[in-house]
Protein chains: 2
Amino acid sequence: MDINYHPIGTIHTPYFSFNAPHQSLPDAPGDFWITLNPEYAQALKSLDSFNYVYVLYHLDQVNSPLELLTHSPWAPELEIGLFASRSPKRPNPIGLSIVKIKEIQGSEIIISGIDAFNGTPLLDIKPYIQFRDNVEDANNGWFDSLPDKDHKIAHALGRPHHHDSEDGDGDGHEHSHGHVHRHNHDHDHDHNHDHDHDHNHDHDHDHDHNHSHSHSHSHSHPHNHYRFHSEHND
Amino acid sequence: MDINYHPIGTIHTPYFSFNAPHQSLPDAPGDFWITLNPEYAQALKSLDSFNYVYVLYHLDQVNSPLELLTHSPWAPELEIGLFASRSPKRPNPIGLSIVKIKEIQGSEIIISGIDAFNGTPLLDIKPYIQFRDNVEDANNGWFDSLPDKDHKIAHALGRPHHHDSEDGDGDGHEHSHGHVHRHNHDHDHDHNHDHDHDHNHDHDHDHDHNHSHSHSHSHSHPHNHYRFHSEHND
């Protein structure tokens with residue numbers, strides 16, 4: 001049985017194969033927008049009443065072979081099943097991301113950061129409805145069993161955080177005492193996203209001593225709660 | 001450009017076209033399970049570490065024409081765009097539901113209630129990860145602007161709730177004072193789900209005076225927080 005879909009628009013991002021990040025942040029630098037095919041523009045009515053939407057897209061630039069068992073970049077030591085991961089190498093390569101709606105202009109939708117390559121074909125947009133999609137008793141699955149869970153989650157969220165001891169976090173990296181610790185995955189230009197996403201990378205570390213003005217991923221304070229909602233890296 | 005996917009399994013539910021409910025509940029009566037094609041069984045490793053998963057499926061039994069503007073059964077007076085709804089009549093009929101994982105046996109996954117027809121082709125399973133999919137500042141979009149929002153949401157969730165006055169809720173139905181109010185959508189046997197989902201129905205009302213043992217959708221107390229996470233009716 002063949003299931004045939006067709007693109008209903010295109011996702012525009014600053015990401016190409018040479019600079020795809022490990023994750024997206026709502027305030028990721030660059031412009032992110034969806035161009036919906038104009039014949040569907042009417043179907044956007046009231047979409048801007050939602051803070052967030054699901055974006056479904058075809059992962060057309062994934063051409064590496066399917067792996068039934070995989071590894072997350074956030075826990076490379078752990079072997080997990082493909083369906084327990086958000087790896088893009090799936091039997092049906094459908095990407096699912098949650099993004100913020102910033103503005104709708106005709107058939108263009110300005111959105112927050114999305115971890116998709118520029119030119120990705122759009123399949124669907126659905127509202128993220130708080131009372132049904134915000135599941136109160138959800139957990140983090142195998143993430144919850146990691147010994148340095150909170151730290152790994154901070155990394156996975158791209159959330160700046162403090163390290164209180166010399167390499168006391170178990171990740172094999174050395175961090176300065178009490179300094180803000182940022183990973184600028186966006187600067188990881190030699191990272192081929194599709195082929196390498198499930199291996200650990202040497203991230204650029206940004207030991208910036210709280211002088212954050214010179215870096216694109218810098219935030220106003222280290223305990224912000226920005227989240228990323230992207231497809232590729234859990 | 002054609003996008004070709006293939007079923008990787010089958011979703012089994014007690015729902016056929018003559019008895020499809022308006023929504024599913026985690027404790028909906030009947031058995032719900034996914035039969036994954038056995039060649040993918042290995043890819044389920046660690047999936048049971050997650051409380052909830054996303055299920056993506058092909059809405060193969062939707063054959064009514066696309067409507068760019070639609071109406072929710074919960075707010076039939078409001079015209080909304082298709083992409084601001086979870087109507088199954090979409091350009092690419094991909095269903096997205098959040099379900100609870102109950103048990104995994106080989107390539108069979110026992111799940112909580114899902115609002116899909118029996119035999120629906122499975123496209124993908126992805127983990128619902130609390131730290132990225134549980135969006136704290138999400139809202140309910142156009143639901144939030146309904147004058148009787150909380151009541152409508154209780155209906156949409158299939159959540160038993162009290163009515164404090166004679167038809168004081170604005171929905172045109174008459175309810176007994178202070179009685180538990182349940183809608184047994186599951187008994188709505190003449191409801192053709194695909195064609196009628198966006199019209200208001202005459203629901204069976206269950207004014208059961210708190211004697212709930214005889215009804216399949218009854219719960220132990222009226223203020224439970226069961227949720228449904230299904231595709232078809234917002």
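Modeller: Let's start with strands: two of them pair if DSSP finds at least two bridges between them. Strands (E, at least two residues) and helices (H or I, at least four) are DSSP runs, numbered from the N terminus. What you have on screen is a predicted model, where local features need pLDDT of at least 70 and side-chain atom pairs count only at pLDDT 80 or more, while totals for chains, interfaces and linings use all residues. Residues are numbered from 1 along each chain as its sequence is written, chains are lettered from A and ligands numbered from 1 in the order in which they are written, and side-chain values use heavy atoms, with hydrogens and water left out.

Biologist: Okay, let me try that on S1 of chain A. In which sense do S1(A) and S1(B) pair?

Modeller: Antiparallel, over three bridges, with residues 3-5 making up S1(A). Look at Asn4(A): its opposite number in S1(B) is Asn4(B).

Biologist: And how many residues does each chain bring to the contact?

Modeller: Contact here means heavy atoms within 4.5 Å. On that count, chain A brings 74 residues and chain B brings 75. For chains A and B that comes to about 7,600 Å², and carbon and sulfur atoms give 56% of it.

Biologist: What about polar contacts: how many residue pairs between chain B and chain A?

Modeller: A polar contact is a pair of N or O atoms within 3.5 Å; within protein, one must be able to donate a hydrogen and the other to accept it, and residues adjacent in sequence count only if both atoms are side-chain atoms. Between chain B and chain A, 50 residue pairs qualify, both partners being at pLDDT 80 or more. Elements of chain B that each supply at least two residues to the side touching chain A include strands S4 (52-58) and S7 (94-105) and helix H2 (149-156). The largest share, seven residues, comes from S9(B). By type, that side of chain B has 42 nonpolar residues (Ala, Val, Leu, Ile, Met, Phe, Trp, Tyr, Cys and Pro), 16 charged (Asp, Glu, Lys and Arg) and 17 polar (the others, Gly among them).

Biologist: Charged ones are my thing. How many salt bridges are there between chain B and chain A?

Modeller: General idea: side chains of opposite charge can pair when their charged atoms come close. The cut-off puts a side-chain nitrogen of Lys or Arg within 4 Å of a carboxyl oxygen of Asp or Glu. Over all chains the search finds 16, and the count between chain B and chain A is eight. One of them joins Lys100(A) to Asp137(B), with the closest N and O atoms 3.6 Å apart. Another joins Arg90(A) and Asp124(B) at 2.7 Å, N to O. That pair runs from the loop between S6 and S7 of chain A to strand S9 of chain B.

Biologist: Are Arg90(A) and Asp124(B) buried or exposed?

Modeller: Buried means under 20% relative accessible area, exposed over 50%, partly exposed in between (1.4 Å probe, protein chains only). Both Arg90(A) and Asp124(B) come out buried. Asp124(B) also bridges to Lys126(B), at 3.0 Å between the closest N and O atoms, and Lys126(B) is buried too. Put together, Arg90(A), Asp124(B) and Lys126(B) form a salt-bridge network.

Biologist: Which residue does Lys89(B) bridge to?

Modeller: Glu67(B), with the closest N and O atoms 3.7 Å apart. The two sit 22 residues apart, Lys89(B) in the S6-S7 loop and Glu67(B) in the loop between S4 and S5. Lys89(B) counts as buried because its relative accessible area is 6%, whereas Glu67(B), at 33%, is partly exposed.

Biologist: Back to strands, then. How many residues of S4(A) are buried?

Modeller: Seven of the seven, so S4(A) is largely enclosed by the rest of the structure. In a regular strand the side chains alternate between the two faces of the sheet. In S4(A), one face has Tyr52(A), Tyr54(A), Leu56(A) and His58(A), the other has Val53(A), Val55(A) and Tyr57(A), and all are buried. S4(A) pairs antiparallel with S7(A) over seven bridges, where Val55(A) stands opposite Ser97(A). It also pairs antiparallel with S9(A) over five bridges, with Tyr57(A) opposite Leu122(A).

Biologist: And in chain B, what does the side chain of Tyr54(B) touch by polar contact?

Modeller: The side chain of Asp133(B), at 3.5 Å. Tyr54(B) lies in S4 of chain B and counts as buried because its relative accessible area is 0%.

How values were computed: Buried area is the accessible area (1.4 Å probe) that two parts lose on being put together, summed over both.
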